[in-house]
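Subject: Structure handover

Hello,

Here is the structure for your records. My notes on it come after the model.

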Amino acid sequence: MFKSKTLKAALLSVSMVVALGACASEPDNNAGNDAAPADNGNANNAEGGDATDADVDTDNLVIGTLSDAEAMDPHGSNDVPSSNVQTNIFETLVKHSADMELEPLLATEWEATADDVWEFTLRDDVTFHDGSEFNAEVVKANIERILDEDVASPRSFLYNMVEEIVVVDDYTVEFHTAYPFAPLPSHLAHNGGGMISLEAIEADYEAMEDGGQPGDYINENPIGSGFFKFEAWQTGDRVELVRNDDYWGEPAQVQSVTFKVVPEDLTRIGELETGTAHIIDPVSPSDKARVENTDGIDVYETESLSLSYIGFNLQKEPFDDPLVRQALSMAINKDDIIEGVLEGTGTPAVGPIGEQVFGFSDEVEALPYDPERAQELLAEAGYEDGFETTIWTNDNRERMDMAELVQAQLAVIGVDVEIEVLEWGAYLDNTAQGEHDMFILGWVTVTGDADYGMHALFHSDNHGEAGNRSFIANDELDNLLDQAREETDESAREALYKEAMEILVDEAPMLYIYHQTYLDGVRDEVQGYWKHPNGLYQLHDVSIEN
């Protein structure tokens, strides 16, 4: 953990760690996160140039990423870097289009046959990378594994309403839910529902019986049905996949794909310019002009389903007082963050979900920026002289810059903030355990439904790793979120989520900062690449032209 009263010491510490790691020829494990890039020094003054003369490999697609995956097991992680690898190996029953419409994948048809029963018809021509068959028994085994308390999947909240999975025949499966649950097909489109070979699942359980941890076998042998197959994983350095030439659909265009961990922003851009990488993710907003002004490369830009937020730990004083949380929220100018850190590539957030997500209401108003009122609220709460606290972030440029702006703005109302910069894995673990005061993180409402964007982040059943790292426990909110996921009428669901948004604005368990615009760097030779609003790379149709 790095600590600093201002951010300068933290930046120096991070830079020294990166430099020493490189000198020692060891993998850099300062992995990033789902939404923002790591700091690498001053890239703002870099001039554009020419990248057209690069020697580009047209067979192996190389993606320079900020972060390494946490796991290959799609049931054993809940972070975007892992999901970006997993989604190429494992397939779900259905998928979301770019417009968030549900489309067939491993399932060809689905319908609600009763209020609490969903029936899915499966493809009959799919085999896994190990040659085993995909069928209804495999679906049953996968969902039951996610729900198995011994496996303790961080994605179990996606399917905890499922009471029974019934195999009707080889290619028909039913999901019986504890209550009507309209978003179930959208939840099954989440890559956390990726289908793993039954043989791999059984081998993983055998390894658990021999004293291993859940996912140990699958992380080394990730066997899915996707258009790429797992080849190798050098932790902290790269993940390598190869084309599945026996894929049930059209094979991928490139022979292989490498997810190469490149934490430093300038290094990623340099690799894009030289052709060492074909795609880089992310491009920092402050580096956008450099990429756009360099021949042979460009910025791919798209809106997202993501939220960047500052969370408060409601289990600790003074954050257990809503007046304090409201005060801090009203002391922060979101526009300053969006313009100063993102250079305008984001939109201010009212609450946890944006207008692309079902359940969003434009009638709910955010807490205003009003530092004078913020100071009055602190006085009402008994903190007229302010207090001392800490804000955590992981080591990436936007979040560290945001922390510094927040530190300065809270100082105006007498709140003395110490910034602490943590390595990504420790950051996730420690915030899940509630060891923080304030923290900066992101969340992507992958399903496009408010149930995912609210239930995971704010329901008291989901404290910690599942998503609720603010540890809010509000009975009225819990009840609304439970009602909304059981309601089948869309307009009634929208009304319930509007009420939930109003509570979340008033309770202020977090400061909802902005919805991000994704920025990726792409070489001109790359064709067919796009990024889903959920943050996942779409690589099936990618080709590299000479």
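The notes below cover the pockets, the nonpolar cores and one serine.

This is a predicted model, in which local features need pLDDT of at least 70 and side-chain atom pairs count only at pLDDT 80 or more, while totals for chains, interfaces and linings use all residues. Residues are numbered from 1 along each chain as its sequence is written, and side-chain values use heavy atoms, with hydrogens and water left out.

Pockets. A pocket here is an open set of points on a 1 Å grid over the protein atoms alone, where a 1.4 Å probe fits, with protein on both sides within 12 Å along at least five of seven lines; lining residues have an atom within 4 Å of a point. A volume is the space filled by probe spheres set on the points, which are joined across faces, edges and corners.

The largest pocket holds about 760 Å³ of space. Its lining has 43 residues, and Ser 77, Asn 78, Asp 79, Leu 428 and Glu 465 lie nearest the centre. Two or more lining residues come from each of α2 (80–89), α13 (424–432) and β18 (438–444); helices (H or I, at least four residues) and strands (E, at least two) are DSSP runs numbered from the N terminus. The most, five residues, come from α13.

The second largest pocket has about 630 Å³ of space. It is lined by 30 residues, with Thr 87, Lys 95, Leu 105, Phe 227 and Gln 538 nearest its centre. At least two lining residues are supplied by each of α2, β3 (94–96) and β22 (537–538).

Cores. A nonpolar core is a set of buried Ala, Val, Leu, Ile, Met, Phe, Trp, Tyr and Cys residues joined through side-chain atoms within 4.5 Å; buried means under 20% relative accessible area, with a 1.4 Å probe and protein chains only. The largest nonpolar core has 137 residues, of which Leu 93 and Phe 175 touch the most other members. Apart from it lies another core of 10 residues, including Ala 277, Val 283, Val 291 and Val 299.

Ser 286. This residue sits in the loop between β12 (279–281) and α8 (288–292). Ser 286 is buried, at a relative accessible area of 15%. Its side chain makes a polar contact of 3.0 Å with the side chain of Ser 284, and another of 2.2 Å with that of Arg 397. A polar contact is a pair of N or O atoms within 3.5 Å; within protein, one must be able to donate a hydrogen and the other to accept it, and residues adjacent in sequence count only if both atoms are side-chain atoms.

Regards

Definitions and conventions: Buried means under 20% relative accessible area, exposed over 50%, partly exposed in between (1.4 Å probe, protein chains only).
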